[in-house]
Structure formats: C-alpha cells, structure tokens
Amino acid sequence: MSNKTGVQIKKKKQRNKIIELGIITTLVIIMAIILPSIIPAFRLRLIGRFLSLAIVALGIDLIWGYTGLLSLGHGIFFALGGYALAMHLNLQIPEGQIPDFFNLYGVKELPWVWQPFYSLPITILALVIVPGIAAGLIGYLVFRNRIKGVYFSILTQAALLVFYNFFNGQQKIINGTNGLKTDSSRIFDLVVSSAGVQRTFYIITVISLVLIYLLCRWLTSGRFGRLLIAIRDDETRVRFSGYDPTGYKVLVFAISGAIAGIAGALYTVQTGIITPSIMEVAFSIEMVIWVAVGGRGTLIGAILGTMLVRLGQTFLSESFPEIWLFFQGALFLIVVTVLPDGIVGWWTSYGWDKLRSLLGLKPSLITYPSLVEDPDVQQERKEMSEQ
Amino acid sequence: MSKILEIEDLTVSFDGFKALNNLNFSMNAGELRVIIGPNGAGKTTFLDVITGKVQPTKGRVLFKGRNIKKIPEFKIARMGIGRKFQTPRVYLNLTVRDNLDLVSNQNKNVLSTLFGRANNNETRTVGGLLETIGLDTKANLSASLLSHGEKQRLEIGMLVAQSPDLLLVDEPAAGLTDEETENVGALLLSLAQSHSIIAIEHDMEFVRQIANDKVTVLHQGALLCEGKMDEVQNDPRVIEVYLGETPD
Amino acid sequence: MSTLIEGLFNGFSIGSVLLIAALGLAIVFGLMGVINLAHGELMMLGAYATFVVQNIFKPLGEPWFSLYIIVAIPIAFIVSAIVGLILERGAIRFLYGRPLETLLATWGISLILRQFVRSVNWLLFISIGVFSLLFFGGMELIKRRSDWERIKNKVTALLLVLSGGIAIAFYSILSNNLALTKAWFSTRNVDVTAPAWLRGGTDAFGFQIPYVRLFIIVLTILCLIGVYWFLQRSTWGLKIRAVTQNRTMSSCLGIPTAKVDALTFALGSGLAGIAGCAVSLLGSVGPNTGQNYIIDTFMVVVVGGVGNLLGTILAAMGIGVLNYLIGSGTLALMFTNIKAPQAVLDFFFFFATSSMAKVMVFALIITFLQIKPAGLFPQKGRTAEL
C-alpha cells in the first residue's frame, strides 16, 4: 500500500523538479540576457545590487530559516568580501605605487595585509574564505559553549559593532571612514564603472545567485538539511541521538558567512565604494527582514523578499524620504505579527487554496494515506458526492 | 554475566542540595530494570548523569567498564546509550520516516552526513522499524500530525534506530490511554529481548506488566531497596516512603 | 596612583549608566526571555523628557531651575514607562515564546521611535490622537456586539483602514499650518544644561571629581535600592519573582501573569528612562543617543547572567571600568610609568581610543564566555527538561 504512494510521491517530486528547472532557466534568460538590453545601465546596476543582496538573504535563510540561528551581524562577512575585492581593484596601479589615500596618513609602504591582493585568484579565494573563516571562528567560540537563541543574536550584533569600530579606526590600513572606491579602478585594463564591465558583473551576479541557490537547495534537501531542521526544533534531542550540533552549526554558519562574502564583493563593485558604514547595525538587521518578508525556510522566499523590500524601499524612500523610517519600522512589526511565515509561507498554506476556491476548483485535502486507500472510505465518499 | 552499567558512590549536588546521595547501582547486560521512587527521589537526575547532561559531583559512572566522566553527551550516545524523554521529543517538522532516518544514520560526523546517503542497510532498518512501531502508513506525514501515543511510539522507534546497548526510558506511559500503555509495555518487553533497558515509571500497573527482572526504589537520592516486584512491594520501607506511614 | 583612581572613578560612573539601563533590560529578560532592541530608544525618550522639563523650568528662573533635575527624573521614568507599557500591550505580548521575532519587532519599534522624535510636531501628535480615538473607540463600541468573535478580523481591518485614512486626511488638510507643523525638537542634537549645583567638582585623591558623575553614581545606588526593595519586599515584586521562576505554576495559582508582564515591562522601560536622564547630563542628546549605549548594555546582561542583581552590578562596573581604562589610555600610561616592554606598550596604545577599546572589551567578553558561558552567576538547579 505505502509503496504505491511512495512511487507516486517520487513521480510528483520528479515532475516538480523539472518544472522548477524550467522556471529557473527562463528567469535566468530573462534576467541575464533580455533585461540588460532593454533597461538603462544605471537601473541595471541597481537591480544587480538587489540581486547581490538576495545572495546574502539566501545565506541568512540557511542559518535562520533552517537552523534557527538569528545572526544580526552578517554585515561583517558582507563587508569582508567587499573589502577583499575593493583592495584588489585599488591595487591595479603602476608598479611601485601605492593607493593614493595612503599619502594622507603618511604611509609609505603597503601594509602587509594588502600584499596577497595583488593576485586576482587569491582575491577571489579570499573573498570566500576570509568571511567563511571569520564566521566559523565566531560561530565556534559561541556555539561550543551552547550559547544560543537571543544571546547568540546579540553577540553577533556586538561583534558587528566591534568590526565597525575597528574598520573605522584603522585609517592607516584601510582608509577608515572614507572606505575604498572602486569605480575609477581598472580591471583587465577596463574601467570598473564602464557599462561593459558593469554588465559583466551583473551577469556574474545572476549566475552566482543561481549557483548559490542551487547550493542551498542541495544543502537543505538531504540528510544534512533535515539535521539542520532537527537542530532548530530540538537541539538537545539531536545531541542525545549521537550528533554533535556544534560542528553542524559552525559549518552552516561558515557557509552562510562565505555566501555573504561573495554577495559583498558583487555589491561593492556595483556600488562603486565600500565604507565601514556597510557594517551599521541597521543594515544587518534589514537583511533578516528581507528573509522574513519572503518567508523563511523556503530559499525562494529569501530572494523574493529581498527584491520586493528593496524595490519598495527605492520607491518609498524617494517619494517620502522623511518618513521612510516609519514605513520600515512598521514593516518589521507587521511582518512579525501578521505574516510570520512570510509571503511564500502564506501562499503555500493559505493563498493557494484561496485562489483555487476562487477559480472554483476543489481544495486539495491532506488526509492520512491509509484513508485514501481504504475502500470503505472511498465508497463512502462516492456515496456522499452522489447525493 | 557482564555488568553493562555500574555506578559507584554517586553524588550530585546543586548549590548544596544533594539530588543524588552516595548512590550505588549496577545492572547486568540484557536486563530490564525498572526504577521507581516518589517525587524528588532523583530519578531524572539519575538519567541526566548517565547521559552526560549533568556531571557527578562525586563518584563515578562506568558504562561497559568505561568511566564516562567529562565525555560529551553525543559521544556517550554514540557509545551506545539511548534516552527517551518524559514528554515525547521528536522532530515535529520532519516526516516520520525522516525522523527515523536521521537517527539510524551510522556515521554521524558532519561530512559524511553532508555527502552520504542512506545505505540499503539503513533503509531496511527504517522500514522494519516503521512496521514495529505501527506507523508505516503514516511514514510520509510530518511528525507534528501524530497523536501523543504515536509520538511516544515514534520516539521509542528512534531510540531503537540508534541501536544502543542500553535504553533509558523516562516515564513511557505518561499521558497514555490504558490500551496505548499496554502497547508500549509490550513494545518494551519485546525490545528487552535484545537490549538492556532502564525504565523509570510511576504507574504501578505498568510496572507490574514490565517488571520481570529487578526493581530499584530510589528515595531522596539514595538507593532504598532492590529486588523482585513482589518483594519490593511488601518492603516496609517502601510502603513508608510511598504512603508516609509504617505498617503495624 | 591617582590616575588609576581617577580612571576607576570615571569607569564607575560610566558603569553606573550602563547599570541603570541594564537593570531594566535584565529584569525583563529574566521574566519574559525578551531582549528589547528598543531599550536604547526608551533611554533616548527619557533624555528628551529631561530636556523638555528643563525647558519648562527655564523661564521660572532660579531657584526653581536648580531643582528641575529632581522633577525630571520621575518624569523621565513615567514617560518611558508609559511608552513601554504601550509597546508591551500593543505588540510584544503577541510574541511571547518567540524571542527571535521579538528582537525584530522591537527593532521596528526602535526605528519608529527614532523617527518619531525627529518629526514629531503638534499636528502629528494630534493626528495620532485622532487615530487612536477613532480606532480604539470604535473597537470598544463594536466589541459589545454579540457576534464580535465572528466579525473580529474584518471589522478590525476595516476600522484600521478607516481611522488611518481619516487621520492621514486630517494631517494633510492641516499640514499648511506652520504653527502646528513646527517640529518639537530640532533634528540636531539638543543639550541639557546641568543645574548650577551639579556643575564643577571637588578635589580629592589628587584629581577633580565632577559633581555630575557623583550625582549619577548616587542616582544609580538609589535605583538599585529601589529595585531591590520592590522585588524583594512588595507583593508585586513577589509576583514578578514567582512568574520569573515558573510561569505556568504562577498562572495556575491565580497570579495575573499578563498584568505582571505589563508591569515588569513598564518598570524596565522606566529604568531606561532614568538612565536616559543620567545620559543627558553627560552630553548632548539626539535621536541616536540610545544606540551608543545599547550594545554595551546587552553585553552587561550577557556577562551578568539572568536573574541575579549582583551579576548585573559586577558586569556593568567591569565593562564600564575596562572600557574607560583601556579607551582613555590610562592603562597604556600606567604601563609606560612602570617601564613595561615596548611590545606591551604598543599593544595598549593600539587600543587606546574609545572605539578600539570596545574591540578589546569584546574580545575579553568572548574569552570570559569560554569559561563561564551562562554569565557570572548562572542559574543552577534541577532542570527537569531543557
């Protein structure tokens, strides 16, 4: 009996997979090929920025939606990735010179932290690995002591403030508050802000988003993903089942940090500058609300939420700059109280059925599988519908 | 017969309050031991110490001859101690099958969980267990949809999937109907054929059903008496702590 | 030596402000498991309340002006407590048992409060009044109907839209009236002048002790005594302690837990208001004032542990003193005096700014948590199940 339903479920899963793959391909074609040719360059840059933010949101969904760890400090990893790439771009100058801003502070020699960033491959590696390791380390120091929940959240927030202070205070190393500009730098002898380079970065962003989405799908679909959910639901039980939750939490937090690093790098080149202000407390909490709006634990919701909130923000903060904060504050309150499962969660649990009933379709019923197969029940149903 | 669990002079104190006081205890491999005792006797703390959740203040716990002091919980679990909690604790947002699959995973380190898939052996274990606990028709339902009794059975199934040598069961009959209680009792008895089990219970009917071996009575953190069920039942000290009076 | 004593003294006075703020936070956290990210904004409201009281007293001239601070402290307490009460009743009580969501919601509140002090004017004030009158008045009226449960959702939504619309219309009609739309506070920071008897200082131990800092330390001690007395000696304090330890049992015994929650939240918020009043004496006050203190306050709660006043006190003083000693360069200076090796000096001078001191203190906190993860005085006991 149960075998039959098992096969049915498998078939359905396969069909859904094909549908999903189709949707993704279509979206990629629209976003990466059609969109760049129809909208102006500055708008494209804006959308590119949103898409890179959607990448961080995926990372946050991984740790918050699936593992139940609310990080309020993802700005750290975002900034680390951004700074890594910005340092590389700032080093694209004639040999023997050092970036201009060093003159302001009387620094004559390139600080040692800059040295590895001459090479592009090392930079690309670093913008994934450095944030990943930073996240892993913070995670390890916190999780190994079983600090969790709200404590973890406010510790990440404090860590964020610490990094913010550190980057602001170190003028002689990374130009302090002024940050690093990337627009006028050159990459492969092309100016970074030129339309062609920006379009390339845009396409890279779209591809990265898809790849990272697939990575997250893979991570969350198998045993590993189920274990993450298990940790979220009942960590003690996981421990008594013979798993060490610390290792899993550290790994998933590190992955999430690395994802934020990639996002930060892509965001930086499409903004033109990175400053420590990217590590302001507000920005990191905003990242969480994107996921909350879309629906946590759904991945697609993270992307959707980011795009919606950022588009709304662009529109509203242009039209009502003074009271924009009211809107944002209200958004936090409303999402948490009225829409706790986000848009995607609402859609799957309520909206879809509502739409079906509007279209005059029967609502889909979930019952015990044994009921579906029980001939008596079937007979009864038939009689009921005939009456 | 070899001892699976030996406890010597165990004392656990919280801020001076002794939850367990110089407790000595031992049980043989393959035994089903029932532990009873009035509230505050230290039954749950007893399990906490064995599973590594609480560290002993004094004394030691030997599992299969090995001292488990300072070994983290997950390693103790891997050594072969499984624990069922008082209220059923299953992963509500996973399906019944996934619940069992997670526990049956033989290699529980991070990387093999990430890259590994269930092998045939594990799939078969899960399938067999689903039948044993009578939940095979609900295998693909999320565990949050199960009734209280079904959750109890699922959790016992998860324990078995872990294939431990020693099962610790904390009040398995709490909150169950008479019929369900009897089911759980039968399940425990059948498990006892291949596992060592410590069961903590309040329900005397249930204790009578499952106590074929020895029964241990705890009182105020120490061992009060130990023996067959009918011996224990007629022991004047036991009657005193349970009823608060000495028989004439 | 006197530099060290001076450093310690200044550290204590910083720690005192942290302590008043953290007390409120810790009590609320212990009771409801809620960390209030808007706690800093409640401090900020207390500081603005002090500013308003000062402005009211200014035209009265001396000797009245000297006394304004005495009036300002209870006013700050009451203003913040009322706002806290509204927040608890209006939003936070719906989120109990979901601490992470509460963090997000309180962040939203914090954004709204910050914008509120920037843009508040009579018109906005009246519009909010109109909205509340229409919405809550309407709700009260319709609640009496017998079929209330059935129409609840629809009516609430309808009423919300209606009264919101009317309030916005009201706002836009009158928005040309300059007298009404003049912002109460400028967007820049405002200054509170300490009364004459708090200016200056006294010489002792070879350095000057400012009266303001002494005043804040005394204020903190009074608050501590007050809170201790309230929690240990009053009936409501007993109820709060009961609910903190076992919510379900207390509820079964007839303690009105909802009332206890609201009261505790108001008390915690009120303490934030007093902290704000103290902060206003130390420097200028702006919408972001709260943000400067909030994370240190959180760290006090993390280090101090929950449910123990002594832990909070030690943690606040420790963090305050360390922050000051490292940040002001006192430590670096002391090591210079005892001719410590150059590497040690470089190390301490590297951290001798107030922002770098935070880096160092955070590193110390993380190290501390490796030894005592649950804070200074963790709650021990037989946890039946965790």
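**Figure 1. The residue that follows helix α14 of chain C in the predicted model.** K339(C) comes after α14(C) and has a positive phi, near 55°. The helix itself spans residues 330–337 of chain C, and its buried residues are T330(C), L331(C) and A332(C).

**Figure 2. Packing of the buried residues of α14(C).** T330(C), L331(C) and A332(C) are the residues of this helix that are buried. The buried residues of α14(C) pack against three helices of chain C: α1 (2–32), α13 (309–327) and α15 (342–350).

**Figure 3. Packing of helices α12 and α14 of chain A.** Helix α12(A) covers residues 300–319 and helix α14(A) covers residues 342–358; their axes lie 8 Å apart and the helices pack at an angle of about 125°. The two helices are therefore oblique to each other. On the side of α12(A), the contact is formed by I300(A), G301(A), L304(A) and G305(A), while α14(A) contributes G342(A), I343(A) and V344(A). Sorted by class, this contact comprises 4 nonpolar and 3 polar residues, with no charged residues.

**Figure 4. The contact between chain C and chain A.** Chain C supplies 34 residues to this contact and chain A supplies 39 residues. On the side of chain C that touches chain A, the elements giving two or more residues are α4 (99–119), α12 (289–304) and α16 (354–371) of chain C. Of these, α4(C) gives the most, with 14 residues. The residues on this side of chain C divide into 24 nonpolar, 7 polar and 3 charged.

Methods. Residues numbered from 1 in each chain as written. Chains lettered and ligands numbered in written order. Predicted model: local features only at pLDDT ≥ 70, side-chain atom pairs only at ≥ 80, totals over all residues. Buried ≥ 20, exposed ≤ 12 C-beta atoms within 10 Å, placed from the backbone. Helix = DSSP H or I, 4+ residues; strand = E, 2+ residues; numbered from the N terminus. Contact = placed C-beta atoms within 7 Å. Axes fitted to C-alpha atoms, helices over the stretch in contact; angles between N-to-C directions. Parallel < 35°, antiparallel > 145°, perpendicular 65-115°, else oblique. Nonpolar A, V, L, I, M, F, W, Y, C, P; charged D, E, K, R; others polar.
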